[in-house]
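Hi everyone, thanks for coming.

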Amino acid sequence: MFDLRWIRDNPELFDQGLGRRGLAPKSAEILELDAERRAAQTALQEMQQRRNELSKRIGIAKGKGEDADQLVAEVASLKDAMQGTEAQEQAAATALDRLLESIPNLPAADIPDGADETANVELRQVGRPPELGFPAKQHFEIGEGVGLMDFDAAAKLSGARFVVLKGALARLERALAAFMLDLHTQEFGYTEIVPPYLVRDSAVYGTGQLPKFGDDLFRTREGLWLIPTAEVPLTNLAADEILDEEKLPLRFTAHTPCFRSEAGAAGKDTRGMIRQHQFSKVELVSVAHPDQSAEEHERMTACAEAVLKRLGLAYRVMVLSTGDMGFAAQKTYDIEVWLPGQGAYREISSCSNCGEFQARRMKARFRRAGEKGTRFVHTLNGSGLAIGRTMVALLENYQQADGSVVLPEALHPYMGGTEVIKIANSADE
């Protein structure tokens, strides 16, 4: 959401920001509704003052035994007028809220303009893609080849875009989550959280998924939403709170399942584990001081990159263009890992600075010591990393000519002695 006072003072800058997002100007419509709402509020205040004055005069008149019928009639007329004006004020306020909540965050000044991902800019490449010496297979060919990745069984249970992992691959998913959580908590100072996987409307609204992206989510009959990412519950830990300035930044991490309908993904990545309805992810969230959020963004991205470095995976970091950013973000770095089977870099993490956009929706604020006023915090989120896509990268980058997969040394302590994933011959492999 946005600061209406800033829009009143800077309508042209607001529309310029929307234009960079590829959107039409909205300031005139916003300010018209705002003026209508404020005019109704002013009229209500004036009518209430008049009503209070008349009530006093009625009391005085009755105390003197004078006729107060005319005064009483005016009070009744004011009551009817106030009800009509209250309805006008509520209608304008609702229309203004609906308009504002449909508008994405304004882009930061230092990101590239563009309509889509073709305008993204590469910041750096880290590591070299492996030279396998044989034709690279895609992850689903490798996983099915070792008998530990079963899409048919998942389809029988749940339909398309699900997978059943077995044996060593099931263990690998658990190992990756433990490895990432240990790294983020023990070395980078994040606090591990086990949040609910079902949340209320207010939580999904607070991070910007509602109302515009409800079709991308799953909802229960009881009205709770399955989380699309742990960003939702982790960020909302600060909702409706007034935090002490010295406690910032708050840094949270969680390993959770994530659920997405992939409503707009028809025909995209239909095979394999790249785009599924259910997947697990280790999420990073920071609640930061506005003066420190840019630095915190760089730090968070470095924490996500550290996972790939420890696993020996080649990747690149992209700054997203205005047309490729998410709804709530003002600046986003995408980390893309090299996949030999696809011969391409694919996203494995997005790290976004949302500024005060989510904080305004959640009413998440902080107060300086000794001051009465409050300011909105800045919120940041990033994948640290997506477990399934990390598994995809490991299978493709460490595949061997015989169909086996050699695991990087960083995962050995988490794999119970398994260093190579081979064709499954027993329940232990």
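**Salt bridges in the model**

Let's start with R316, which is partly exposed, at 21% relative accessibility. One thing to keep in mind as you look around is that this is a predicted model.

So what does R316 pair with? R316 makes a salt bridge with E122, and their closest N and O atoms are 3.5 Å apart. This pair links distant parts of the chain: R316 sits in strand β11 (residues 315-319) and E122 in strand β1 (residues 121-126), 194 residues apart. E122 is partly exposed too, with a relative accessibility of 36%.

Now please turn to helix α4, which covers residues 69-101. Here the side chains of R98 and E101 meet in a salt bridge, at 2.4 Å from N to O. Why about one helical turn between them? Because R98 and E101 are three residues apart in that helix. And is E101 buried or exposed? E101 is buried, with a relative accessible area of 4%, while R98 is partly exposed at 46%.

My next pair is K281 and E283. Their closest N and O atoms lie 2.4 Å apart, in a salt bridge, and both residues are buried.

Salt bridges can also join up into a network, and there is one to show you here: R8, D34, R37 and R38 are linked in this way.

Finally, how many salt bridges are there in the whole structure? A search finds 21. I've picked out a few of them, among them R316 with E122 and K281 with E283. Thanks, and I'm happy to go back to any of these on screen.

Key: Residues numbered from 1 in each chain as written. Predicted model: local features only at pLDDT ≥ 70, side-chain atom pairs only at ≥ 80, totals over all residues. Heavy atoms only, no water. Salt bridge = Lys/Arg side-chain N within 4 Å of Asp/Glu carboxyl O. Helix = DSSP H or I, 4+ residues; strand = E, 2+ residues; numbered from the N terminus. Buried < 20%, exposed > 50% of the residue type's maximum accessible area, 1.4 Å probe, protein only.
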